[in-house]
Amino acid sequence: MTTLAVTGHMDLTDEAVPLVRAALDRVLADYEPTDLVGVSCIAKGSDSLFAEAVLAAGGRLTVVLPSRDYREAKVKPEHAVAFDRLRAAASEEIVMPHETAHRTAYEAANAELLRRADRLVAVWDGQPPSGKGGGTADTVQQAQAVRLGVTVVWPEGAVRKG
């Protein structure tokens, strides 16, 4: 069994989405589908693209929710259908012991992702941490600190909004 966790940017441009999805498909092609588990918080952007790619590859999905109110408090209407579909398709769901979604809850969810993973897939543009905590670069640094292998996915042409 190989467990891959994901961290990645939520703010991909519409043009970046198919580039990232194709790159994720190539990464997952190296794994035997029947032995593949993907772990994701299924946030908009990279997390959901990874979860969709894992399921399309024939793997199993584990969802980690940062808080009990995450769906109601943080999932925007434009992402709700995909979020609910991925959540329903998951083989396992873990809800972190936080009532409300906040930075500590996100950091706890990221720690849970890393604890479960054999490797981290990071959809990451290589920029350093923002200083807010709980972001993609922070999670990559945490993985590296515990000597967890990291596969960075940032295909040519991928861009973030803003």
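In this predicted model, Val64 is in contact with Val39, Ser40, Cys41, Ile94, Met96, Ala109, Glu112 and Leu113, leaving aside residues up to four places away in sequence. Val64 and Leu120 are the residues with the most contacts inside the largest nonpolar core, which has 19 residues. Four elements, β2 (36–40), α5 (103–116), β5 (119–123) and α6, each contribute at least two residues to this core. In soluble globular proteins, nonpolar side chains tend to be buried together.

Helix α6 spans residues 136–145 and contains Thr136. Thr136 counts as buried because its relative accessibility is 9%, under the 20% limit. With residues up to four places away in sequence not counted, Thr136 touches Thr7, Gly8, His9, Val123 and Trp124.

Helices α2 and α4 form a packed pair, with axes 11 Å apart and an angle of about 40°. The pair is therefore oblique. The crossing of α2 and α4 is left-handed. The table lists the residues through which the two helices meet.

| Helix | Range | Residues in the contact |
|---|---|---|
| α2 | residues 46–56 | Ser48, Ala51, Glu52, Leu55 |
| α4 | residues 77–89 | His79, Ala82, Arg85, Leu86, Ala89 |

By class, the residues of the contact of α2 with α4 comprise 5 nonpolar, 2 polar and 2 charged.

Definitions and conventions
Residues are numbered from 1 along each chain as its sequence is written. This is a predicted model: local features need pLDDT of at least 70, side-chain atom pairs count only at pLDDT 80 or more; totals for chains, interfaces and linings use all residues. Side-chain values use heavy atoms; hydrogens and water are left out. Buried means under 20% relative accessible area, exposed over 50%, partly exposed in between (1.4 Å probe, protein chains only). Contact means heavy atoms within 4.5 Å. Axes are lines fitted to C-alpha atoms, for helices over the stretch in contact, and angles run from 0 to 180 degrees between N-to-C directions. Angles under 35 degrees count as roughly parallel, over 145 as roughly antiparallel, 65 to 115 as roughly perpendicular and the rest as oblique. A crossing is left-handed if the near helix is turned anticlockwise from the far one by less than a right angle, and right-handed if clockwise. Ala, Val, Leu, Ile, Met, Phe, Trp, Tyr, Cys and Pro count as nonpolar, Asp, Glu, Lys and Arg as charged, and the others, Gly among them, as polar. A nonpolar core is a set of buried Ala, Val, Leu, Ile, Met, Phe, Trp, Tyr and Cys residues joined through side-chain atoms within 4.5 Å.
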